[in-house]
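Trainee: I am new to this structure. Please take me through one part closely, and then show how other parts compare with the rules you use.

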Amino acid sequence: MQTKNKIEYSNYGEYLVSDKLELFLPKTQIIIEKKENRFSYYRKNSENKELTKSISGKKDKIRIELAPILPLNLPAKKTKDLMFLRLAESVFVEKDSMADILVEFPVEIGIFVVNSDNSKDFFDCFTCEPMHSRFALYGTPDKGKLCMYGKVKLLEESEKPEPYVFAKMKVTITNKLNEGQSVGKLIFSLTHHNIYYLDNVADAHIDDISALIKKEEAIKIIEIKHVEYSKKDNNWKLAPRASIKSEKRKFSMDRGFD
Amino acid sequence: MAFEILDAPIMDTGITVGRILITAIIVFVGVIIARIARLVFKKRFATKMTVDSAKSLDKLIYYGIIIIFLLAATASQGIDISGLIVAGGFMGIVIGFAAQSVVSNLISGLFLMIEKPVKQGNQVELPDSNVIGTLIDINTFSSRIQQFDGTVVRIPNEKMFTSNIRTFALSEIRRSDVTVGIAYKENISKAIAVMKEAIEKNVAYSLMEPAPTFWVTELADSSVNIWVRVWHPRDDLVEVMPILLTVIKDALDKEGIEIPFPQRVVWKGSSNE
């Protein structure tokens, strides 16, 4: 049954709409239909929440792209940049060692209108799993930073994350301390990350991160940096962006990481 | 002949009409320059600053330039304003008594701009005045707060400065609390688990960390009261509070956990007693 559902879901990628297009994603249905002078856009989710919009213009056809985007928009745009990943199981990194782990990374789905010059305009976004569009605070209530939140599982190399809900991300943790450390959460700047997708299997991968555990002024911190996804080949397509890149490329977790 | 009037002294002060006119022209030019400076500042620099800092600096630039031109104009025309100051001193005392509250508001406004206990756009509460809303701006004599029903309250700066101000501006999040009563027969742990799950699932703005907390606060007359504390982004009270109790009640109803209403058992003694 699960396999059957997977096959029925629409894939990421570009679609040419001339008359009517129906897209089916987990818990979400989208219908784009040609009207007299416009294309109507209708989206319905599992909670029966409906959205209707129009794409104006007298064109006979429009091109749209369905792609995974950074999870910064839902339930509302509150934080510009920070992501809080809570690992379902914490990772113990031995002293003076390095560990590579693969984790799920929650994504939102974006709909982009593709212009005649191939530029893409952000049109709509939604999530196939509303439970993953949540907030968390890193730090104490008086000084903490509001972040987007995702509770994620560790993945095996061959394991694929749940399509339309998660992308895959590699985390390289280096422990420079003289003692082992448990890492239960990762907080980092997000807007520099690109997401890549495979359109025939709805698979997505986001840029990686490197986490360096070290001591700074007697406080144990993790310095997290953005690392470009290196394993991508020509089959991986770069997803369009729905958010502006920030200046920050690294974030120091100085308020605990267990 | 027509220009002779310009040399005519005003009373015995030695100040001529011409000097007054030139002074007025210089001040007028100063006002124009101040307005240009203000415009340049707004377009070039204010966009890179916080709104309240930009507003304060804007006023400082505008009035500063005008005062500099006024002093330069009087000095260049040999008008000695020390006499005016002395004369004004007496008038100042008279006016000061008459306009005590106006001056007080002005000074308070200056202190509010310097101290910045709250900033434009912050949600503030003045418990003494029973005013809650968003601070629109702090002006020369008064501050304006837009309440959540859309009405705008003008508060004299003196009152604003001397009032207790409650604000959430220093933190990115805030906490909202509700109390829920369950029947004595119910399992408290189960009720808490049901409420926690329902909040996490249905209240999208409720923070996952720190997670909602549940304290049994009272063994009351009719119910066991549980204090539910939910953290959420600072400005999203209206996204949480209106649905929080609905979500909790629906979840408890679904699980068959009773929320009792106040009731009293009246024991009617039997005839044997």
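Mentor: Start with two helices of chain B, H2(B) at residues 17–45 and H3(B) at residues 51–76, whose axes come within 8 Å and cross at roughly 160°. This is a predicted model: local features need pLDDT of at least 70, side-chain atom pairs count only at pLDDT 80 or more, and totals for chains, interfaces and linings use all residues. Residues are numbered from 1 along each chain as its sequence is written, chains are lettered from A and ligands numbered from 1 in the order in which they are written, and side-chain values use heavy atoms, with hydrogens and water left out.

Helices (H or I, at least four residues) and strands (E, at least two) are DSSP runs, numbered from the N terminus. Axes are lines fitted to C-alpha atoms, for helices over the stretch in contact, and angles run from 0 to 180 degrees between N-to-C directions. Angles under 35 degrees count as roughly parallel, over 145 as roughly antiparallel, 65 to 115 as roughly perpendicular and the rest as oblique. H2(B) and H3(B) are therefore roughly antiparallel.

Now H2(B) itself. Its 29 residues reach 41 Å from first C-alpha to last, close to the 42 Å expected at 1.5 Å a residue (1.5 Å times one less than the number of residues). Its buried residues are Gly18(B), Thr23(B), Val27(B), Gly30(B), Ala34(B) and Phe41(B). Buried means under 20% relative accessible area, exposed over 50%, and partly exposed in between, with a 1.4 Å probe and protein chains only. These buried residues pack against H3(B) and helix H1 (4–7) of chain B; contact means heavy atoms within 4.5 Å.

H7(B) and H8(B) pack at about 130°, with axes 9 Å apart. They are therefore oblique to each other. Their crossing is right-handed. On the H7(B) side, the residues that meet H8(B) include Ala191(B), Val194(B) and Met195(B). Their partners in H8(B) include Ile243(B), Leu244(B) and Val247(B).

H7(B) covers residues 188–202, and its 15 residues should span 21 Å; the end C-alpha atoms are 21 Å apart, which agrees. Glu200(B) is among its buried residues, as are Ala198(B) and Ile199(B). The buried residues of H7(B) also reach chain A: they pack against strand E11 (134–138) there, together with elements of chain B, including strand E6 (173–182). Asn187(B) caps the N-terminal end of H7(B), with a side-chain oxygen 2.9 Å from the backbone nitrogen of Ser189(B).

The loop between H7 and E7 of chain B holds Pro210(B). The peptide bond from Glu209(B) to Pro210(B) is cis, with omega near -5°. Chain A has a cis bond too, from Leu74(A) to Pro75(A), with omega near 5°. Most residues other than glycine have a negative phi, and most peptide bonds are trans.

Two residues of chain A go against the phi pattern. Lys27(A) has a positive phi of about 65° although it is not a glycine, and Tyr164(A) has one of about 70°. Lys27(A) is partly exposed, at 41% relative accessibility. Tyr164(A) is buried, at 2%.

Definitions and conventions. A polar contact is a pair of N or O atoms within 3.5 Å; within protein, one must be able to donate a hydrogen and the other to accept it, and residues adjacent in sequence count only if both atoms are side-chain atoms. A crossing is left-handed if the near helix is turned anticlockwise from the far one by less than a right angle, and right-handed if clockwise.
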